[in-house]
Amino acid sequence: MELRGASALVTGAGRGIGRAIARGLAAAGASVTAVSRTAAELEALAGEITGQGGRATAFPGDVRDPGVCAAAVARAVEAHGGLQILVNNAGVGSHAPVIETSDEEWDRVFDTNLTAVFRLTRAALPYLTRGGGHIFMISSLAGTNPIAGMAAYCASKAALDHFAHCLMLEVRQQGVKVTTIAPGSVATGFGGEGDKAESWKLQPGDVADTIVDLLRTRDAAHLSRVEMRPLRPPKRA
Ligand SMILES: NC(=O)c1ccc[n+]([C@@H]2O[C@H](COP(=O)([O-])OP(=O)(O)OC[C@H]3O[C@@H](n4cnc5c(N)ncnc54)[C@H](OP(=O)(O)O)[C@@H]3O)[C@@H](O)[C@H]2O)c1
């Protein structure tokens, strides 16, 4: 895909992996619509990108709100003349044994990690099918590797993987690529852990670089799933 002038919507763009993806896409010439709940983080990001000569629109909102999903897509189209790239990155973790998982916590995880992705994707598809588009799902190795004490999170990412695979089969003939990216540990503040900058971890920019590389693959070639791992994680005792 020609990235210069392409319009991209990135959820969870205020910090962590999403911010790196927004920066990477903007540096490659795309116009970025950045979505998350914390307006100040989005404004800072948009200011940084426009200050470097790029194009960015901040769209604060909670992706669990169906109206926000539709309005974010509409804003991207209005601000940047269309939509070619959707990065479903916003996600939340959850650490609790099943017996201690409340209905509210289960819904928070599934509404963010799965249902919002469905709604954003459905709203974006009419634009992505006009001349080619690319949807990225930021999943996790937790979608295929079960973890005790993280059932809600692992199940949400497993469901996301399957949703993405079905979608890929559904839209490929319309020229829309769907790629699931499943990282292992990335150095972000994910799960409220504070900024964990351990050098052995993947960096947010590694995921961003992968997305830019995937967007530059030949139109007729499609990588539908990428698993990313730190090369040298600490050995388990
Ligand atoms: N870090 C890892 O080790 C790792 C590994 C594998 C996969 N992942 C996946 O990568 C994605 C990004 O994770 P990260 O590590 O970058 O996490 P992060 O640093 O916690 O950032 C998450 C981003 O998502 C936004 N967000 C969360 N809930 C939202 C909501 N309801 N509506 C709108 N935005 C929302 C947050 O902003 P607000 O709170 O301001 O809304 C923030 O910008 C997630 O899907 C995660 O599952 C992470």
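**Helix α4.** I started with α4, residues 103-128, in this predicted model: the helix lies across β1 (7-11), β4, β5 and β6 (176-183). Contact here is heavy atoms within 4.5 Å. Helix α4 runs at about 175° to β4; axes are lines fitted to C-alpha atoms, for helices over the stretch in contact, and angles go from 0 to 180 degrees between N-to-C directions. Helices (H or I, at least four residues) and strands (E, at least two) are DSSP runs, numbered from the N terminus.

**Ground rules.** I number residues from 1 along each chain as its sequence is written, and side-chain values use heavy atoms, with hydrogens and water left out. As the model is predicted, local features need pLDDT of at least 70 and side-chain atom pairs count only at pLDDT 80 or more, while totals for chains, interfaces and linings use all residues.

**The sheet.** Next I looked up the strand order: β3-β2-β1-β4-β5-β6-β7, an open sheet of seven strands with parallel pairing. Two strands pair if DSSP finds at least two bridges between them. At the edges sit β3 (55-60) and β7 (225-228), each pairing on one side only. On average, neighbouring strands of this sheet are turned by 15° against each other, direction ignored. I then picked out β4 (residues 85-88) and β5 (residues 133-138), which pair in the parallel sense over four bridges. L86 stands opposite I135 in β5.

**S139.** I followed the chain to S139, in the loop between β5 and α5 (151-171). S139 is buried, at 4% relative accessibility; buried means under 20% relative accessible area, exposed over 50%, partly exposed in between (1.4 Å probe, protein chains only). Its side chain makes a polar contact with the side chain of D161 at 2.6 Å. That term is a pair of N or O atoms within 3.5 Å; within protein, one must be able to donate a hydrogen and the other to accept it, and residues adjacent in sequence count only if both atoms are side-chain atoms. Leaving out residues up to four places away in sequence, S139 also touches others, including K157, T180 and P183.

**Cysteines.** I checked for disulfides (cysteine sulfur pairs within 2.5 Å) and the count is zero. For C154, the nearest cysteine sulfur is that of C166, 20 Å away. C154 is buried at 9%, whereas C166 is partly exposed at 42%.

**Ligand.** Last, I listed what is near the ligand (a heavy atom within 4 Å): 28 residues surround it, and among the closest are I17 and Y153. A ligand oxygen is 2.7 Å from a side-chain N or O atom of R37. For T38, I noted 2.4 Å from a ligand oxygen to a side-chain N or O atom.
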